[in-house]
Amino acid sequence: MGEKTDVWQGTLALMVLRTLETLGPLHGYGLARRIEQTSGDLLQLNYGTLYPALLKLEQEGFIRSRWGLSENNRRAKFYELTKAGHRQLQKAAAEWEQTTEILARFLTPAHEA
Amino acid sequence: MRQLRALALRLRGLFRSRRGDADFAAELESHVAMHTDDGIRAGLTPQEARRQALIRLGGAEQTRQVHRERRTLPWLEDLLNDLRYGLRMMVRNPSFTAVAVLTLAIGIGATTTAFTWINGVLLQPLGGVADPSRLVVLESVTPNGEWVPNSYPDFIDFRDRLKLLDGIAVTRPSALSVGREDHADRVWGELVSGNFFDVLGVKPEVGRLFLPAEFADAPGKFPIVVISDRYWRSHFAADPSIVGKTIPINQRELTVVGVAAPSFHGSLPVTAFDLWIPYMEQPTLNSVQEWMLRNRHNRNMLGIARMKQGVTIDQARGELKALADRMAIANADVSEGMSATLLPLWKSPHGPQGLLVGPLRILMGVCILVLLIVCANVANLLLARATVREKEFTARLALGAGRARLARQVLTESLLLTGSGAALGLIVTPWMSHALKYLMPPGPMQQLVAMDTRPNLSVLGFAAGICIFAALAAGLVPALQVGRLNLSARLNAGGRSGTAGRGRNRLRSVLVGSEVALALVTLVGAGLFARGFQTTMRIDPGFDPNHVLLSQFYLNTNGYNLAQRKEFCRRLAERMQSAPGVTDVAYSDGVPLGFEPSWWEELKIEGYAPRPNENMSVFRNVISPGYLPLMHIPIVEGRNFTEQDNEDEKSPAVMIVNQAFVRRFLAGRDPIGTRIHGWGSWFRVVGVAKDSKYHYLGESTPAYFYVPFRQIFREDMNLAFYVRTKGEPDSVLSTLRAQVRGLDPNVTVFDAAPLKEFIGASLYPQKVAASLMTVLGSIALLLAAVGLYSVMAYSVAQRTQEIGVRMALGAQPGHVLRMVIGQGLALTAGGLIASAVLAIGLARAVASVSFTNSAMGSSAKLLGAGANNPLIYLAAAGFLCAIATLACWLPARRAASIDPMQALRME
């Protein structure tokens, strides 16, 4: 269970950073919906799990938050990427690509050989 | 880095948890509101939309919890809660808290004090020096393997030829008089080789220390002095302009060149010197003649050396030994068979540590025993309280608290108790550390002992370690008990008290048993030491120290030359002889059984062929003719010294030897008339004195000889003055003072004390060990009694109903009394049997600990005879049983007076 959460948290953090990079400042609800959409609704996110992940990223200085008004004039907390966040995204994305590449070599049948 | 930042933020979150909660609640609320809006827009009813939003969120409460855990540090938060709760419990049970914290404070305070001393004496002996780990003590070694100080010429050879050492310095502790005429102070200082500060790596606080130009071996060229920070503050109000001024020392003007760094207090552990003067000033300061500085035989300098970086003590020792062996051959006339060695600082036989090392080790051991007893006691109290709190714990378990969590709480509470105890103990530690000086015999040694009592890092670290150890020792058993609580059994027991499981009772019994066992060990120790001390006290010293007043003079500090000193003694003796109440007057160099090291001379004895490598150094005393009669030491053959045995060229040099001397060197011969060579001339034996004790009461009598004061007294010898009185020795002190003043108003009488008290010095380590053991033994006994009492009282309270039934069925109060006391005694007996083996083993180990007062490195056993005295074991066990009976008596009486009807109606 713990291991699974770690992997999940890592990937979730990457998704959050990526989404914030593409769309700019977003509130939690918007982020959650956007991540679902991007995943082609393959990911059924428990929205609650998003917030601890956001908090962790904020504590690590990759994102910052401030209260603002949503498009429907509701008070909401907006998150945006910091400079460190941009750098972290580059790094994490590269690592992730490498990991998937390596895994892919294991998982694809060896018919090319 | 990122982790650290996150940790800091989470720490901050801990103190703003309420604000964080509100903030997150608002964020969640806005999340749900937006989600609901979307739902309504998609055609749901507002209620349904909100319901869906909450479902997708995955439970607001869980989310809040997870978020909260991430926002703060949950374990730290738990810890703070536990601490808060523990504090509340402590405040609510003041008597429990007081007992636990006070006993812990005693245990931790005593142990920390012992450690402070050990740290000061053994672990970090010298303050204010650079890299003390490379400093070693340099000792000359006699052919018999005894350690003795070094001579100045030997030092010069060592200094100039050894390659593995960065430097060697020599030093000689010395009493000096500072000030002019009649208002002079006596101050202790060190006469040191010029490179002393350089070798030790000391920094000046003001001014400078000795310069390389002043390292030279030219007598009388450097009238300079370095003073200690302590002396600078107390006598010169920390005025930096003192540098460059002169102060009168031993009636000579010496220029103060600097003040040593505050943490530097000299080259002997736990000893504080105030002045450092180049040794080459000896001739001017103490009118020591220059040839004595060049005499290899004059071994009176303590050596301290610094090894080169990366050199081991064994390598340096090897190089030194090779050189010393070559020197022994080259200077065969004075150094035949001599060698030299290096020792770690704490092994030096000189100064206070020779005396302290043995007692301190034992003290540390006993302190740990006491601490263990304290821990057992506190564990007992915690266990008893855990029984009371069982309902609380079961309720919390039933509500879903983890067992580990509860155990952690119990441990936190015990840590809180030990922490408070440690804090209290640390407050009294600096104050108790000062008591170290009472471990030293009265006289100069006691004044010199100075302890840096500010708690330093290693002491604090030690106290923290002890605190955690105590918390674990006392809290582990109760914590494990909580972990084993049987939930259903407890709840089914329906809240009736007095049904605590047998297991726990057994556990408490074991704890009390071990307390009793530990107490027995300390008691036996106390008994053995007290007994050993008594036995030694009863040994006849062979002279009569009663009704004798002893005073010591430092005439050299008054600028007296040798002839003047002798003349002073003669005239003072004359004046005192005629004073009322005085029966005898005498003076000598050494004081028997005193604390000063005893000196010796290497002899050649006519008609005695020494075995190869036989040590011909024989202890001696330089005495006035009145000495032997005053001491009531009979002359068994020949005659005593007379005033005619003087420095006149016509009067031959004479000597009196003791019976052991005759047995060893002159067996089967008539000793009178034998010619003996020492101090460069031939002496004739004129008498044989009865054997007496010279260094330790417990010693086997060594060969010993006396030479006349007027023939042999030299500039570097001490001067002890004895007056035998009809009444109390103190009664003549004022007469002595008046007579001294009449002779010379500048001479002060220092350290006047009855000889009886002064010779107690040789017994000091034993006395100290005996009194320390007695104090700690009493504490241990008291603690064990408290433990026993609490267990018995508790068990009686638990069994009230049972006892009521017994009595209703016809048991007499006497039966009940016997039953309860019997139970307590069974516990005690169990502990006693377990500890008997332990005690015997420990006594064996302690019996091998010895102490030394640097009489040629010889040492005496701390325990004296009788480590296996069975009476002491029996007496200690019996005493402990008596105390145990008493501790059981009170609860037993309460049990016996139970009214059966009331007991049965309870609950």
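**Notebook: helices, a sheet and a chain contact**

I looked first at helix H16 of chain B (residues 403-433), which has 31 residues and reaches 43 Å from its first C-alpha to its last, close to the 45 Å expected at 1.5 Å a residue; the expected span is 1.5 Å times one less than the number of residues. Helices (H or I, at least four residues) and strands (E, at least two) are DSSP runs, numbered from the N terminus. I noted a kink of about 30° at B:Ile427 in H16(B), shortly before the proline B:Pro430, the bend being the angle between axes fitted to the seven residues ending there and the seven starting there.

I kept in mind that this is a predicted model, in which local features need pLDDT of at least 70 and side-chain atom pairs count only at pLDDT 80 or more, while totals for chains, interfaces and linings use all residues. Residues are numbered from 1 along each chain as its sequence is written, and chains are lettered from A and ligands numbered from 1 in the order in which they are written.

In chain A I found an open, antiparallel sheet of 3 strands in the order S1-S3-S2, where two strands pair if DSSP finds at least two bridges between them. S1 (26-27) and S2 (63-69) of chain A each have a single partner strand, so one side of each is left without a neighbour in the sheet. I saw 7 bridges joining S2(A) to S3 (residues 75-81) of chain A, and A:Arg64 has A:Glu80 in S3(A) as its bridge partner.

Next I turned to helix H3 (residues 47-59) of chain A, which packs on the sheet and touches S2 and S3 of chain A, contact meaning C-beta atoms, placed from the backbone, within 7 Å.

Which residues of H2(A) meet H3(A)? I listed A:Gly28, A:Leu31 and A:Ala32, facing A:Tyr47, A:Leu50, A:Tyr51 and A:Leu54 in H3(A).

Last, I looked up the chain contact, in which 22 residues of chain B are in contact with 19 residues of chain A. H2 (17-41) of chain B gives the most to the side of chain B that touches chain A, with 7 residues.

How values were computed: Contact = placed C-beta atoms within 7 Å. Axes fitted to C-alpha atoms, helices over the stretch in contact; angles between N-to-C directions.
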